[in-house]
Amino acid sequence: MSTQETSQGLPAHLQALLEAHWGFTDLRPCQVGPVLDLAQGNHALALLPTGGGKSLCFQLPALARGGLCLVVTPLVALMEDQCAQLRHRGIRAEAWVGNNGDRVLDNVRFGNTQFLYLSPERLTHPLFEARCVFWNVTTIVIDEAHCISQWGHDFRPAFQNISSLHDRFPDAVWGAFTATATEEVLGDIASQMPSGAHSHVAPMRRPNLAYQVSRWGDRDAVLLHDATLQHGQGLLYVQSRHDSERWSQRLQAAGLAAASFHAGLPAKEKQRRQQRWMSGQLQVLACTSAFGMGIDAPHVRWVFHAGPPPNLESYIQEAGRAGRDGQPASCILYVEDSDFDLMQGRIERQFPALKQIQAAYQWAANASYATLGEQPESPFPVTEPQHLPALRLLSLAGYFDLRECRAARAERGTITWLGSPVYESFGPSLHTLAQWIERQTTSQSMDVELTQLANHLNRAHALAPPLTSAQLRMDLEALDAMGWLDWKPASEQFELTWTMPRQATKTVTVDRSRLELMLRKIQEVEAYTKASQGCRSQHLERAFSDASHAPCGRCDMCTGDKKQWRQALKEDLARGAIRPQEWLLSKAPGHRQPLRALMATWYRSGFIEANQNWIRWSGKEAQG
Ligand SMILES: [Zn+2]
């Protein structure tokens with residue numbers, strides 16, 4: 001085999017593997033560094049933009065190194081896909097998903113498996129601990145590595161299990177990959193890897209993306225107006241399943257081929273909608289952040305957000321799904337000022353006050369008959385759902401292990417009607433149920449016991465065949481998935497195990513730094529939407545300490561300034577009266593709010609006069 005290097009400095013054996021298994025002759029520029037490092041046995045930490053071809057960065061060098069490559073990833077849903085792709089390329093790959101551990105780990109030992117995908121939780125699994133001593137692990141890959149860091153927006157405590165891999169496989173080379181990490185988070189990742197890792201930070205700038213922020217008018221009406229004017233494939237990111245259904249209906253009513261997409265849909269339906277959207281049968285998906293993982297759709301022309309994302313990292317990732325083909329694409333964030341207060345409130349509710357946390361602890365002590373200093377061994381069910389948020393925090397802080405037990409089908413739960421009074425298309429049992437719930441709850445939540453409710457509906461409506469509690473549960477799940485109501489099965493589904501002896505309730509505390517972090521992140525988003533000068537791309541890049549670029553020339557800030565706005569308003573007024581609403585809607589979404597502010601200033605100064613329909617020049621000359 002020749003050791004001659006190609007134009008990218010790729011050794012010939014890597015080049016040959018690249019061509020044989022992937023059919024490419026070249027790597028992308030941002031892939032070269034990590035590939036060479038890992039192939040040469042250097043630890044590497046890489047920040048690559050979404051769609052930067054991350055998988056190849058570790059698959060190619062790991063293949064060249066021989067032996068087994070462990071890929072630790074939190075994205076369980078994507079593991080099987082990625083393995084299928086590798087097998088398709090003639091590479092032996094396994095994913096440890098669900099209960100297939102015995103078979104998969106046997107294959108790894110006896111079948112020359114080249115890649116094993118597993119979640120960080122598996123690293124402490126007894127099967128893993130027993131079998132891994134037989135493996136020749138040469139490469140360890142940490143995918144979505146930002147989840148390691150408690151400063152990241154997606155912290156996953158189990159990821160800290162990776163430290164055990166240092167001792168188990170001291171000779172393996174490590175690669176950590178993420179598409180989204182601040183400098184703080186990158187430092188945290190590096191500190192959990194073997195020392196001496198080389199960093200590769202690909203440029204974040206996507207010169208074909210035009211960022212805008214719309215802050216003018218009724219958020220939803222303006223967004224709908226703008227969506228109907230878009231050409232090509234789009235994504236509308238919304239904040240809840242319910243919003244996803246609501247927006248899909250609105251977009252359809254406005255004549256767009258739209259569908260909802262969220263985690264509550266059955267897997268088959270998600271796949272079907274995704275395919276219809278990818279093939280162009282649907283123009284837009286109204287989706288929650290559940291959409292997008294592992295999807296590479298090059299021709300997305302626009303990504304809108306209805307309301308603020310929880311942090312700039314998510315925003316860059318979601319907006320970054322636009323324009324992968326390099327053609328111009330538009331990323332617009334639609335907000336109202338009140339959005340930020342609402343969001344802050346929602347975050348604070350996830351972090352109950354210390355008093356409530358201690359009340360939850362006391363409840364757990366009573367429910368499990370634990371006296372001071374005692375640590376009962378058996379798990380016990382969480383029967384009081386109001387304590388769940390606090391119990392979640394307590395288990396993060398190490399007091400308990402909180403587990404969801406899916407086997408026990410909930411017999412009770414909470415229903416919140418979400419307030420859309422449309423059920424013509426429902427079958428008779430759904431119709432009866434929906435009507436009953438709507439009458440009972442309006443906007444308030446209601447706790448129900450399924451057998452009782454089924455009996456009640458059977459008696460009241462003489463249903464034939466009678467409704468069973470199992471049927472009722474399916475109906476509620478269906479209504480929840482369609483966005484008519486929120487169905488929260490009761491917390492018998494959760495069980496709690498003590499992980500340390502019971503202590504005095506007064507001494508129980510939890511770390512609230514995550515709350516502060518989340519609040520700080522939402523403030524960063526607010527600052528982005530309210531920035532009154534600079535460039536949007538630069539603003540986003542500064543959040544990631546990559547501010548080396550010139551202004552982008554495409555965003556709403558780069559394409560408009562006070563002088564231009566004065567000129568535009570002046571010229572159009574010179575032609576006669578204008579209708580402000582229509583006139584503003586004809587302008588770029590990010591320019592409407594400053595133009596509206598300018599109108600108000602000129603009105604107050606007497607340059608323009610107005611009635612409720614139009615504004616016009618008063619005859620007094622505006623000063624420059
Ligand atoms: Zn710009």
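Student: Which strands form the open sheet, and in what order?

Tutor: Strands of a sheet pair through backbone hydrogen bonds, either parallel or antiparallel. Here three strands make an open sheet in the order β14-β19-β15, with antiparallel pairing. Two strands count as paired if DSSP finds at least two bridges between them. Helices (H or I, at least four residues) and strands (E, at least two) are DSSP runs, numbered from the N terminus. This is a predicted model: local features need pLDDT of at least 70, side-chain atom pairs count only at pLDDT 80 or more, and totals for chains, interfaces and linings use all residues. Residues are numbered from 1 along each chain as its sequence is written.

Student: Which strands stand at the edges?

Tutor: β14 (380-381) and β15 (400-404) do. Each has a single partner strand, so one side of each is left without a neighbour in the sheet.

Student: How many bridges join β14 to β19, and how many join β15 to β19?

Tutor: β14 pairs with β19 (residues 494-498) over two bridges. β15 pairs with β19 over five bridges. Look at L496 in β19: F380 stands opposite L496, and L402 also stands opposite L496.

Student: Which residues of β19 are on the covered face, and which on the uncovered one?

Tutor: In a regular strand the side chains alternate between the two faces of the sheet. In β19, F494, L496 and W498 make up the covered face, while E495 and T497 make up the uncovered one.

Student: Which helix lies across β15 and β19?

Tutor: Helix α15 (residues 388-396) does, running at about 125° to β15. Axes are lines fitted to C-alpha atoms, for helices over the stretch in contact, and angles run from 0 to 180 degrees between N-to-C directions.

Student: At what angle do α13 and α19 pack?

Tutor: Helix α13 (residues 338-350) packs on helix α19 (residues 513-530) at about 165°, with the axes 10 Å apart. That makes α13 roughly antiparallel to α19, a label for angles over 145 degrees.

Student: Which residues meet there?

Tutor: Contact requires C-beta atoms, placed from the backbone, within 7 Å. From α13 come F340, M343, Q344 and I347; from α19 come L515, M518, L519, I522 and E526. The contact of α13 with α19 divides into seven nonpolar, one polar and one charged residues. Ala, Val, Leu, Ile, Met, Phe, Trp, Tyr, Cys and Pro count as nonpolar, Asp, Glu, Lys and Arg as charged, and the others, Gly among them, as polar.

Student: How do α21 and α23 cross?

Tutor: The axes of α21 (residues 562-574) and α23 (residues 592-604) come within 10 Å and cross at roughly 65°. W565, R566 and L569 in α21 meet P594, L595, L598 and M599 in α23. By class, this contact has six nonpolar, no polar and one charged residues.

Student: Is A259 buried or exposed?

Tutor: A residue is buried if 20 or more other C-beta atoms lie within 10 Å of its own, exposed if 12 or fewer, and partly exposed in between, with C-beta atoms placed from the backbone. A259 is buried, with 23 other C-beta atoms within 10 Å. A259 sits in strand β10 (residues 258-261).

Student: Where are E144 and Y369?

Tutor: E144 is in the loop between β5 (137-142) and α7 (163-168). Y369 is in the loop between α14 (354-367) and β14. Neither is a glycine, yet E144 has a positive phi of about 50° and Y369 one of about 55°. E144 counts as buried, with 24 C-beta neighbours inside 10 Å. Y369 counts as exposed, with 9 C-beta neighbours inside 10 Å.

Key. Two residues are in contact if their C-beta atoms, placed from the backbone, lie within 7 Å. Angles under 35 degrees count as roughly parallel, over 145 as roughly antiparallel, 65 to 115 as roughly perpendicular and the rest as oblique.
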